[in-house]
Amino acid sequence: MDATNTEIIAAASEARERAYAPYSDFKVGAAVEAESGTIYIGCNVESASYGLTVCAERVAIWKGISCGEKRFNRIAVVVDTEELTLPCGVCRQIIWEFCGDVPVILANLSGKTETIQMSDLLPRAFDSKFLK
Ligand code: THU
């Protein structure tokens, strides 16, 4: 049975609690639903060499891929900001490549949510079709 958006948001919120963000103190949680139905969670993991930091969205997708998943149906991103936080540019590219034009569910800890399609976040994306 497919998880509800509420369940995916709850999974992302739980992941957010494990964020390793001592430099920015900006904790992010993400959860992706694979085509198999399994949900993979991720949090941001920062580095003292700041540029090596990995965002929550990519951690969640890499976890799914490394467990044998190929594609994902939905992604949720949870932050503790009044204004809902959008995936960064790098994550938009990766979400597009591994998920395609999926709904991106944004949420904060106060229960505010909004769903945006990936094609609205990254119109006219570069992807593998250009490499053929
Ligand atoms: N961050 C994410 O995890 N996802 C995003 O889409 C935006 C930014 C993290 C990276 C860094 O650890 C912190 O938020 C501040 O940029």
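**View A. The β4–β5 hairpin.** Gly111 takes a positive phi near 95° in the hairpin of β4 and β5, where four residues lie between the strands. The strands β4 and β5 run antiparallel and are joined by five bridges. Pro103 has Gln117 in β5 as its bridge partner. Strands here are DSSP runs (E, at least two residues), helices are H or I runs of at least four, and both are numbered from the N terminus. Two strands count as paired if DSSP finds at least two bridges between them.

This is a predicted model: local features need pLDDT of at least 70, side-chain atom pairs count only at pLDDT 80 or more, and totals for chains, interfaces and linings use all residues. Residues are numbered from 1 along each chain as its sequence is written, and side-chain values use heavy atoms, with hydrogens and water left out.

**View B. The open sheet.** Five strands form an open sheet in the order β2-β1-β3-β4-β5, with mixed pairing. β2 (39-43) and β5 (113-117) stand at the edges with a single partner strand each, so one side of each has no neighbour in the sheet. From one strand to the next, the twist averages 20°. β1 (residues 29-34) and β3 (residues 72-79) pair in the antiparallel sense over six bridges. Opposite Ala34 stands Phe72 in β3.

**View C. Helices on the sheet.** Helix α1 (residues 5-16) packs on the sheet and touches β1, β2, β3, β4 (103-108) and β5. The direction of α1 makes about 50° with that of β3. Helix α2 (residues 56-66) also packs on the sheet, touching β1, β2 and β3. The direction of α2 makes about 140° with that of β2. Contact means heavy atoms within 4.5 Å. Axes are lines fitted to C-alpha atoms, for helices over the stretch in contact, and angles run from 0 to 180 degrees between N-to-C directions.

**View D. The ligand site.** Residues around the ligand (a heavy atom within 4 Å) include Ser24, Phe26, Asn44, Thr53 and Leu86. The shell divides into seven nonpolar, three polar and two charged residues. A backbone N or O atom of Ala56 lies 3.0 Å from a ligand oxygen atom.

Note on methods. A polar contact is a pair of N or O atoms within 3.5 Å; within protein, one must be able to donate a hydrogen and the other to accept it, and residues adjacent in sequence count only if both atoms are side-chain atoms. Ala, Val, Leu, Ile, Met, Phe, Trp, Tyr, Cys and Pro count as nonpolar, Asp, Glu, Lys and Arg as charged, and the others, Gly among them, as polar.
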